[in-house]
Amino acid sequence: MISFSSADTESALDSLAEKITSNSYIVFLTGAGVSAESGVPTFRSVDGLWEKFKPEELANFNSFIKNPALVQAWYRHRAEIVNNVKPNRGHTAIAHMESKVATCVVITQNVDNLHQRAGSREVIELHGNILRNYCIDCGVQFDGDLLIENGETTLCKCGGLVRPDVVWFGEMLPANSFRIAEKHARKCDLFISVGTSGVVFPAAGLPALAKSSGAFLVEINTEATDLSSLMDVTFQGKSGEILPKLMSLLKS
Ligand code: OAD
Ligand code: ZN
């Protein structure tokens with residue numbers, strides 16, 4: 001692994017830019033860090049989302065059944081944050097990459113919809129989307145106007161509990177999404193991991209899969225991560241700064 005910081009970042013970005021041609025097949029794997037500059041808290045930082053609650057207390061099915069109002073309130077709070085922020089320069093740079101290369105796919109662990117709002121069209125949501133909800137009894141997908149409030153708990157018309165369409169601890173990823181993500185990881189020539197701590201599997205296994213299939217691995221993160229040692233190049237810095245620089249250095 002080669003690590004770069006400030007002084008030589010520019011020249012390292014230049015050599016990365018040279019690798020990117022109109023024929024390139026690029027996969028971005030993104031995590032909460034890519035949305036941090038939009039004002040969406042990450043999960044594991046000091047002031048991150050898990051600060052007040054342990055993930056196992058909120059982000060799992062049993063907790064939801066035990067205390068649906070609490071879990072729903074937490075997700076409502078997060079959905080509100082997401083609705084009140086905008087995609088940042090990192091999201092926009094990733095969206096622009098689509099017009100520069102033959103194939104560009106975003107595999108995201110984020111549930112915030114910000115890649116789509118920035119204009120990315122090929123987005124694989126591994127962990128769902130916080131803006132969608134469904135009834136755990138009848139399965140209907142819906143938005144606010146179909147909800148009936150029962151005290152503090154949000155219920156479907158059929159009486160079933162309404163949950164966010166996100167993947168909780170102990171739950172499987174949407175099978176089709178992960179299969180497609182694996183296919184892209186195997187086929188790409190450049191795999192860029194951005195703003196993820198790389199500790200949640202199976203998503204965190206995708207870089208290794210890409211590498212074993214011959215891809216060049218790049219990491220953009222403000223800190224070293226569990227994935228750093230696997231990388232061919234690591235850029236230490238903010239995605240909203242590094243990615244626009246990379247885009248400005250592209251030759252075509
Ligand atoms: P984490 O909170 O674990 O990691 C965020 C990463 O972003 C850290 O490595 C930070 O160093 C980095 N970071 C912070 N600000 C950044 C910036 N401006 N630019 C670049 N990097 C930055 O979030 P995830 O890796 O996304 O799953 O977490 C993975 C999964 O764990 C989430 O999808 C969620 C959680 O459990 C589910 O809810 C299923
Ligand atoms: Zn229902």
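Select ligand 1 first: in this predicted model, ligand 1 sits in the largest pocket. A pocket here is an open set of points on a 1 Å grid over the protein atoms alone, with protein on both sides within 12 Å along at least five of seven lines; a molecule sits in one if more than half of its atoms lie within 2 Å of its grid points.

Next, display the shell, meaning residues with a heavy atom within 4 Å of the ligand. Ligand 1 is surrounded by 24 residues, the closest being Ala-32, Arg-44, Thr-196, Ser-197 and Asn-221. Domain 1 (1–40 + 88–127 + 173–252) and domain 2 (43–84 + 131–166) both contribute to this shell, so ligand 1 lies between them; the bounds come from an automatic or database domain assignment.

Now show the polar contacts, pairs of N or O atoms within 3.5 Å. Oxygen atoms of ligand 1 lie 2.8 Å from a backbone N or O atom of Phe-43, 2.7 Å from a side-chain N or O atom of Thr-196 and 2.5 Å from a polar side-chain atom of Ser-197. The protein buries 91% of the 800 Å² that ligand 1 exposes when taken alone (Shrake-Rupley method, 1.4 Å probe).

Most peptide bonds are trans.

Residues are numbered from 1 along each chain as written, and chains are lettered from A and ligands numbered from 1 in written order. Local features need pLDDT of at least 70, side-chain atom pairs count only at pLDDT 80 or more, and totals for chains, interfaces and linings use all residues, while side-chain values use heavy atoms, without hydrogens and water.

Technical notes: Polar contact = N/O pair within 3.5 Å; in protein donor to acceptor, adjacent residues only side chain to side chain. 1 Å grid on protein atoms, 1.4 Å probe; cavity = no way out; pocket = protein on both sides within 12 Å on 5 of 7 lines; lining within 4 Å.
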